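Hi,

Here is the structure I promised to pass on. Have a look first, and my notes follow below.

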Amino acid sequence: MNNSKAARLVGRVASIMSIAMYVSYIPQIVNNLHGQYGNPVQPLVACINSAFWCAYAMLQTYKDWPVFIANLPGIIFGLITFITALH
């Protein structure tokens, strides 16, 4: 496997893992909604981090869609988790 194919494979796996990481907030969101509040700081920081990565991806001459797509769920789920963790 050449470096280009390896890089594409690693990029795809990394994107899937990034999305899985942010989707894993769903149980915390459910717990928050049931009154078992989690700490809101980490999901807020994840949301802000993801927003910066999405902005970076869109500011490139050639849009970096894998970076954007991998971080978009971080904005959504991080924000939802943060909001539902506030009590």
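**What I found**

Let me start with helix H1, where Ser15, Ser18 and Tyr22 are buried (buried means under 20% relative accessible area, exposed over 50%, partly exposed in between, with a 1.4 Å probe and protein chains only). These three cover an arc of only 65 degrees around the axis, so they sit on the same side of H1; the arc is that of the directions from the helix axis to the C-beta atoms. On the other side of H1, you'll find Val10, Arg12, Ile16 and Met17 exposed. The buried residues of H1 pack against helix H3 (41-59) and helix H4 (65-85), where contact means heavy atoms within 4.5 Å.

Before going further: this is a predicted model, so local features need pLDDT of at least 70 and side-chain atom pairs count only at pLDDT 80 or more, while totals for chains, interfaces and linings use all residues. Residues are numbered from 1 along each chain as its sequence is written, and side-chain values use heavy atoms, with hydrogens and water left out.

H1 itself covers residues 3-23, 21 residues in total, and reaches 30 Å from its first C-alpha to its last, close to the 30 Å expected at 1.5 Å a residue (the expected span is 1.5 Å times one less than the number of residues). Its N-terminal end is capped by Asn2, with a side-chain oxygen 3.1 Å from the backbone nitrogen of Ser4 (a polar contact is a pair of N or O atoms within 3.5 Å; within protein, one must be able to donate a hydrogen and the other to accept it, and residues adjacent in sequence count only if both atoms are side-chain atoms).

Over in helix H4 is Thr81, buried at 0% relative accessibility. Leaving aside residues up to four places away in sequence, Thr81 touches Tyr25, Gln28, Ile29, Asn32 and Pro43.

On cysteines, the whole structure has zero disulfides (a disulfide is a pair of cysteine sulfur atoms within 2.5 Å). Cys47 is in none, as the nearest cysteine sulfur, that of Cys54, is 9.6 Å away, too far for a bond. Cys47 counts as buried at 10% relative accessibility, and Cys54 is buried too, at 5%.

As for the overall picture, the protein has four helices and zero strands (DSSP runs numbered from the N terminus: helices are H or I, at least four residues; strands are E, at least two). The C-alpha trace spans about 50 × 25 × 15 Å along its principal axes, and 25% of the 87 residues count as buried.

Cheers
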